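Thanks for coming, everyone. Let me put the model on the screen and walk you through it.

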Amino acid sequence: MDLQSLANLFATTYNPDPNVQKSGELQIRKIGTQEGILTALLQIIASDGVELATRQACSVYLKNRVHTSYILPPNPRPDHVQIAQSDRTALKTSILPLLAASPSRSITVQLAATLKDLVAHDFPERWPTLLDDVKRLLGSGDVREVGAGVVAALECVRAFRFRQKADILPGIITTLFPTLVTIADGMLNTSPSQPASQEIPAMLHLILKTYKTAIIVNLSQHQQSAESLVPWGRLLFRVVEMNVPPEGVPSDEEEREKCEWWKAKKWAYGILGRLFHRFGNPSQLPSPMQKEYGVFAEHFVTTFAPEIFKVYLRQVELYVSGQAWLSKKCQYQIFQFFTECIKPKSTWILLKPHVDSLVANFTFPQLTFNASKQAMWEEDPVEYVRASIDEYENFSSPVSGATSFLLSLASNRTKTSFLPILQFINTVLRLNPSPAQRFGALTMIAVLGPFIVRHPDVKGSIEQFMVQHVLPEFTAQEAYLRSVACEVLGVVTKAGITWSSEENLNGHSRAVALALDDRELPVRVQAALAITELVVVHDSVRDAVSPQVGKVVQDLLKLSDETDLDMLNHCMESMVDRFQNELLPVASQLTARLCESYMRLAKEGLAQQTEPAPDNIDVESLVSEGDDDKVYGAMGVAKTIGTVVSSIDSSPEILAQVQEVIIPIIRFTLENKLIDLFDNMYDLVDALTFRLHAISPNMWPIFELTYDLFKSDAVDFLDEMLPSLDNFVSYGTEVLKARPDYRQKVLDMYRTALTSPQLGDNDKINGCKLAESMLLNLHGHIDDQLQDIVTIAADHIDKGETTSFRLANLEILVNAVLYNASAALHFMEAYKPGFARVFFDRWFVAINGEDKLPRVHDKKLSILALCKLLDMEAVLIPDGLRDGWPGIVVGALNIFKSLPQAVARRKALEDDLVAEDDDEEEDDARYLNLEGDEDEDVWDEDSAYLEVLAKEGARLRQKSEQAEAGDDESDTSEESEIEEELGFFSLLDAINPYITFKQALQTFQNQNSNLYQAATTMLTVEQQTMLMEVVAMAESQAAGHS
C-alpha cells in the first residue's frame, strides 16, 4: 500500500460516519502487522503535506503497536504479532528526528511514549548510540531540537525509574544531567515576561521533572557528588526564588496554577523535598540505606537543609504579607518540608522559633472558611463534602499540608508546641472573630481532638470548651459553622471525651439530632457522622435515638444515595450493628433499599468500565478522578448489606427472606463480570449460606456461575470463592448427591486449581481444601470420582514450592484413605505399582516428624485415617504393606502424644483473638510525646514503619539478585510455619479421636489378632504407657458423653 492510500486509511478512523470508521479500523487491523507498515507510518507522521489529525492517528497507532508487540510475552495474544527487525531499525533511526519536527504537543506525547518503550527494551545493548544522539540534540542551537532532547532525556529516565538495580540509570544520569542543568541555568536568564519565552518554562519544567523522576528509588553516586549537587541545588533555589511577573502568567488563579512557570516551581519544590525526605535526613534514614546514603545525609542536613529552610521561610513571609503569590501545590510542598523538619533535632532547632508564627499566619488561614469553599458549597455541596472530608488525603492541597503539620507538631513535639497551639485557638475565639475565623479555629480543634482528649493538662477542660464554643454554633446562621460543630462533636466523641454532666451530653446529642434535618446537605452529612459516634459510645444516646431509629436510617440511606460517600456506609453499618433488635422487623425492606443503591452504583460502574480508554493515560488525572469511581461506593454498600446479614443471625426466617433480596445483586455482579466486586459478593454468599446452614434453590445458579467464571475470567479468584464453595458442598450435600454434574464441576475445579499454570501454591492449597470438603461431606457418593482425586494428588506428590502445599496435597491422599481405605490403596497401586508404599513412607515421615502435622485438624485427620486402616479386614491389606501394618498403632500414639499441646495452642489463639476484639483501646503514647528531652531526635511509629519497609525491600532485592545470579540459596523456602486456621470448620471437629481409636483398636484385635499381637509387642515402655492413657481418656470421655 502506497503512503497516500495508507494516510487515507488512517483518516477514516476519525470519520464522523461510524460505518466508515469501523471499516477503516478493520482494514488497519488486517494490514497492521505487515512488515514495512510502521516504517511507512513514520514517514506519514513526518510529512507536512498530510492533515494533522491523520498524523496524530498514525502516532497513536504507532505507540500502541510498539507497546504491545515490540517484545512479546511468553504466551502472547493471537492478534499481537512481533514487530519486524527492519521496522525496529527504522523506529530507532527516526524517533528522535520526528520528536524534533513534531507539529503538535499531542503528537509529541505519543512519540515520547513510543520512545520510552524502545529505550526500555533496547538500551543499552541494542541501542548503544542513544545517549550520544540525545546529547547531540541537547547541544544544538535549534530550540526545537533542544526541546526534543529534553523530552528524550525524560523518557530515557522514565524507562528505568522503578528499576531497583543501579546498573543502567546511573549511566544515563552521568551522561545527560550535566548538560541538562547547564541548559536550565541558561533558561533562567531569559525574562519570564517575554512572550517568546513561553517555550522556556515548558522545557525547564521537563528538565526538573526528569531529575525528580531519577530519584524515585535511588540517588546515584553522581547526584550525591558536589559536582552535581551544587549546580542542581543552585538551579533549584533560583527556580523557587524566581519572581514571575504578572504579565508572564495568566491573571486567573486557576489557570496560573497550571501554567508552565508554576509547574517548574512545583517540581523544584518537589525535588528539594524528596532529597531531604528520602536521602538527606540522617535521623530518619532507615538502617538498610545508611551504608549508601549515610555520609550524603549528614552533609545534606548540615549544608543544604538549613538553606532550603531559609529560602522556604522567606517565600512564606512574602506570601503571608501579600508581596508574592504561591500556587497551592507549592504551598503543600512547603508544608511537607516543614513537617519533615519536626522530627530531626538539627532541623527542629531551626523550625522551633518560627512555629508560633507559622501556625498563626500560614497554617490557620488555610483552615478558615474562604470564598473558594463558599463557592463550592453553593455550586456543588456534594463535592464540598467529599473535598472537605477527604481533604487530608489530598496530596496537593495546602489544607492537607497544614493539617499534617499540625498533627506532627502535636504528636512529635507535644511538650513544646501543643499547649501554645491551643492557646492560639482560644485567643482567636476570645477576640470576637469573624464566622470564617471561628470555622478555622474549630477546624483546628477537629484536627487536634484526639490529642486534646488524651492530654493530661487539657482533657479536663474540653467539656467546658464544647459547651462554651461548640454548642452555640449548632444554631449559627452560617451553615458551615453548624457543619464544623457537628464535626468537632463527632471527633471528640470518637476520641473518648468524658462528660461529667449528663445534661451537657444530652444538649449536644439533641443539637446534632436536629442537625440531621438541616436544610444544607454538608451539615446533614456531618450530623450523620456525629450521631453515629454518639450512638456507638453512649448508651443514653442510643436509648434516646432508639424510637426514631427507622427515620435515622432512612435519612442515612437518602444521604448515601445523594452523595455516594463511603463513610455514610460505615455509619449505616454502625447503626445496624447498634440497633439489631429494633431493625429486625424492617430488615428485608432495609436490605432492599441497600440493594437498590448497590445496583445503581454497580450499573454506573459497569458503564464506566465500558467507556473507551484515552490514548494517553495520565496517572495524576486517574488519581484525581478516582472520586467518580462508583465501584468503591458499591463496595461500601455491599459491606453494609453484610452487616445487616450478621445482625439478623438470630432469626433464620428473616435471614432467608433477606437472602432472596440479595441474590439478584450477586447474580448481576457475577454475570456482568464486575471483577472488582467479586470479593464483596463472595463474602455475602459465604455469610448467607454459612449462617443459614442451607443452600436455597435460588442460590444454586450462583454455584453454576462461579464454576463458569473460574473456568474463564476469574481463575485467580479461588481464594475468594473457596469459603462459599465449601458451604455449597457442606450444606448442599443432598443436592450434590442427586446431581452428578455438580459433583463433576467441583472435581474439575480441584483439577484446574492443581494443574493450571496461572495458579501458584496458595491456589493449589485452596483446591485441596475443596477436594477435602468433597471427601468429608459426600461420604459414599463420590466413589466414581475417588480414582481421579487419588490420581491428581499422586501426580503432585513431589511438586510444589512450599511445605504448606506439600502437606495439603498429602492430606488429600489421607482423606481418600479415610473415605474408603481399601479403594484408596487399590487406586494408588493402579496409579503406579508400589505407589501405596511411597505414600505411606511420606505419611509416616510427617507422623513421626517434629511438627510435620502442626494443626489440630492435621492430627485428627491422620488419627481417624489410621483408625480406618485398623478397621480393614486382613484379606484387603495389600501384600506390599502388610509388614508395616503393626507400625500404624505406633504412628497413632505418636500423634496422640502431641495432640494435647496442639489443642492447647489452638485454644490460646482463640482466647487471644477474643482478647484482641475486647481490647481496642488506643495507646495515648501513639498520640502524645511527653517523654524525654523536648529537642532530641524523634523516632515514632511512622519512622519504625519505614524502617520495616526498607528492610523488607533490601531482603527482596537481595533475593532477586541471588536468583538472577543463579544462586541456589535463593530457592530455599522462607515461608512461615503453618498456623491454625481459626475460621476453618470441618466434620472432623465433632468426632472424638480417643473414642474412635479405642474402637478401631478393638476391631483390629478381633479381625487381625496376629497383626495386633505384633503391633502391641513392638511398643516401647513409653508407648505402652501412652496407649493406656489414650484408652483411659477414651473411656472417661465416653462416660462423659453417656
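How many aromatic pairs does the count come to? The count comes to 46 aromatic pairs. Keep in mind that this is a predicted model.

Two numbers describe a pair of aromatic rings: how far apart the centres are, and the angle between the planes. I'll give both for two pairs.

Take F369 and Y480. Their ring centres are 3.8 Å apart. The planes meet at 10°, and stacked means under 30 degrees, so this pair is stacked.

Where do the two partners sit? F369 is in the loop between α18 (355-367) and α19 (371-379), while Y480 belongs to helix α25, residues 479-495. That puts them 111 residues apart, so the pair links distant parts of the chain.

Buried or exposed? The cut-off for buried is under 20% relative accessible area. F369 has 8%, so F369 is buried. Y480 has 11%, so Y480 counts as buried too.

Next pair: F703 and F728. The centres are 5.4 Å apart and the planes are at 55°, which makes this aromatic pair tilted. F703 lies in helix α37 (residues 700-710), and F728 lies in helix α38 (residues 718-731). The pair therefore ties together parts that are 25 residues apart in sequence. As for accessibility, F703 is at 1% and counts as buried. F728 is also at 1%, and F728 counts as buried as well.

Now charges over rings. Which ring does R88 sit over? The charged end of R88 is over the ring of Y70, at 4.7 Å from the ring centre. A lysine example: K603 lies over the face of F668, with 5.9 Å to the ring centre.

Let's zoom out to the whole chain. What is the secondary structure made of? The chain has 52 helices and 0 strands. Along the principal axes, the C-alpha atoms fill a box of roughly 105 × 85 × 65 Å. The chain has 1042 residues, and 51% of them count as buried.

Then the surface. The accessible surface of the chain is about 47,500 Å². Carbon and sulfur atoms own 51% of that area.

And the charges. There are 92 positive and 148 negative charges in the chain. How far apart are their mean positions? The answer is 3 Å.

Last topic: backbone geometry. Most peptide bonds are trans, and most residues other than glycine have a negative phi.

One is a cis peptide bond, from F123 to P124, with omega near 5°. P124 lies in the loop between α6 (105-122) and α7 (130-138).

Another is D564. It is not a glycine, yet its phi is positive, about 55°. D564 sits in the loop between α29 (549-563) and α30 (566-578). With 18% relative accessibility, D564 counts as buried.

Then there is D851. Phi of D851 is near 55°, again a positive value in a residue other than glycine. Its place is the loop between α45 (835-848) and α46 (856-871).

On the ring side, the pair to remember is F369 with Y480, at 3.8 Å and 10°. That's my tour. Over to you.

Key: Residues numbered from 1 in each chain as written. Predicted model: local features only at pLDDT ≥ 70, side-chain atom pairs only at ≥ 80, totals over all residues. Heavy atoms only, no water. Phe/Tyr/Trp six-rings, centres within 6.5 Å; stacked < 30°, edge-to-face > 60°. Helix = DSSP H or I, 4+ residues; strand = E, 2+ residues; numbered from the N terminus. Buried < 20%, exposed > 50% of the residue type's maximum accessible area, 1.4 Å probe, protein only. Lys NZ or Arg CZ within 6 Å of the ring centre and 35° of its normal. Areas by Shrake-Rupley, 256 points an atom, 1.4 Å probe, with all protein chains shown as cover. Lys, Arg positive; Asp, Glu negative; His and termini not counted. Charge placed at Lys NZ, Arg CZ, Asp CG, Glu CD.
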